[in-house]
Amino acid sequence: MAGSKTSGATPKTLLDKIIHAIRSQPITNPNGISRTAIVKYLQSEFDVDVSKSAPLKAAFKKGVEQGKLVQTGQSFLVAGDPIPDLPKEATVKLKDLKEGSGPAAEAGDTVVMKYEGKLDDGSVFDSSNSFEFTLGAGEVIKGWDQGIVGMKVGGKRSLFIPSKLGYGKRGALPEIPPNADLHFTVKLKEIK
């Protein structure tokens with residue numbers, strides 16, 4: 001299977017194989033492909049004996065010294081290759097529906113919320129008239145820790161929370177399926 005993922009000649013040198021391994025994997029980190037992922041690829045695609053680390057270290061070092069590889073920490077890119085646009089960091093989209101009064105809620109505050117949570121299809125998966133938690137302490141989903149900051153008592157806000165800042169790939173079955181975006185209407189009742 002060596003070289004089956006690319007047209008052209010099979011890479012001959014270990015450095016050529018490293019470059020091929022980097023270019024054959026999706027880049028999901030701006031620093032490039034991790035050394036571990038490259039080594040696993042070399043082992044599976046080229047049957048490189050990865051138990052002998054000295055030749056691997058020498059090839060990585062040579063690639064960096066010759067300007068063929070760019071190293072950041074333990075990750076590598078091929079010099080001159082374009083870096084793909086990576087997905088932007090997930091953020092909560094919020095809209096103030098009613099301005100509250102008094103001091104704004106901040107990390108460390110204990111807040112009491114009234115809320116209703118819905119899925120994209122509009123079905124309600126949860127609600128409460130009095131839910132208390134410490135803001136910014138990781139007691140709730142990340143989207144809440146981000147989306148409640150700055151609210152004032154009596155304020156009402158809608159939050160769109162992408163799944164990455166909600167329950168992610170696992171979901172919270174049976175109410176919340178995997179990869180579900182969440183829609184909340186929240187009201188800050190009290191800051192303790």
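Biologist: Which backbone oxygen lies 3.0 Å from a polar atom of the side chain of Gln25?

Modeller: That is the backbone oxygen of Ala21. Keep in mind that this is a predicted model.

Biologist: Okay, and where is Gln25 placed?

Modeller: Gln25 sits in the loop between α1 and β1, and β1 covers residues 33-34.

Biologist: Is Gln25 buried or exposed?

Modeller: Gln25 counts as buried, because its relative accessibility is 18% and the cut-off for buried is under 20%.

Biologist: What does Gln25 touch?

Modeller: Leaving out residues up to four places away in sequence, Gln25 touches Ile33, Ala37, Ile38 and Tyr41.

Biologist: Let's talk about α1 then. How many of its residues are buried?

Modeller: Seven of the 10 residues in α1 are buried, and the helix is mostly covered. The buried ones are Leu15, Lys17, Ile18, Ile19, His20, Ala21 and Ile22.

Biologist: What do those buried residues pack against?

Modeller: They pack against β1, α2, α3, β2 (69-72) and β3.

Biologist: Take α2. At what angle do α1 and α2 pack?

Modeller: Helix α1 (residues 14-23) and helix α2 (residues 35-46) pack at about 105°, and their axes are 9 Å apart. That angle makes α1 roughly perpendicular to α2.

Biologist: Which residues meet there?

Modeller: From α1 you have Leu14, Lys17, Ile18, His20, Ala21 and Ile22, and they meet Ile38, Tyr41, Leu42 and Phe46 of α2. The residues of this contact divide into eight nonpolar, one polar and one charged.

Biologist: And α3, how does that cross α1?

Modeller: Helix α3 is residues 53-65, and its axis and that of α1 cross at roughly 75°, coming within 9 Å. So α1 is roughly perpendicular to α3.

Biologist: Which residues meet in that one?

Modeller: Leu14, Leu15 and Ile18 of α1 meet Pro55, Leu56, Ala59, Phe60 and Gly63 of α3.

Biologist: You mentioned β3. Where does Leu77 lie?

Modeller: Leu77 lies in strand β3, which is residues 75-78. Leu77 is buried, with a relative accessible area of 12%.

Biologist: How far apart are Leu77 and Pro30 in sequence and in space?

Modeller: They are 47 residues apart in sequence, and 9.0 Å apart in space from C-alpha to C-alpha. Leu77 also touches Pro30. Among the other residues that Leu77 touches are Ile22, Ile27, Leu69, Val70 and Ile83.

Biologist: New topic: the largest nonpolar core. Which residues touch the most other members?

Modeller: This core has 24 residues, and Met113, Trp144, Ile148, Ile161, Leu182, Phe184 and Val186 touch the most other members.

Biologist: Which elements give two or more residues to it?

Modeller: Those are β6 (110-118), β7 (124-134), β9 (156-161) and β10 (182-191). Of these, β10 gives the most, with four residues.

Biologist: Tell me about Met113. What does it touch?

Modeller: Not counting residues up to four places away in sequence, the list for Met113 includes Ser128, Phe131, Phe133, Trp144, Ile148, Met151 and Val186.

Biologist: How many residues are in the other core?

Modeller: The other core lies apart from the largest one and has 18 residues, among them Ala21, Tyr41, Val48 and Ala59.

Notes. Residues are numbered from 1 along each chain as its sequence is written. This is a predicted model: local features need pLDDT of at least 70, side-chain atom pairs count only at pLDDT 80 or more; totals for chains, interfaces and linings use all residues. Side-chain values use heavy atoms; hydrogens and water are left out. Axes are lines fitted to C-alpha atoms, for helices over the stretch in contact, and angles run from 0 to 180 degrees between N-to-C directions. Angles under 35 degrees count as roughly parallel, over 145 as roughly antiparallel, 65 to 115 as roughly perpendicular and the rest as oblique. Contact means heavy atoms within 4.5 Å. Ala, Val, Leu, Ile, Met, Phe, Trp, Tyr, Cys and Pro count as nonpolar, Asp, Glu, Lys and Arg as charged, and the others, Gly among them, as polar. Buried means under 20% relative accessible area, exposed over 50%, partly exposed in between (1.4 Å probe, protein chains only). A polar contact is a pair of N or O atoms within 3.5 Å; within protein, one must be able to donate a hydrogen and the other to accept it, and residues adjacent in sequence count only if both atoms are side-chain atoms. A nonpolar core is a set of buried Ala, Val, Leu, Ile, Met, Phe, Trp, Tyr and Cys residues joined through side-chain atoms within 4.5 Å.
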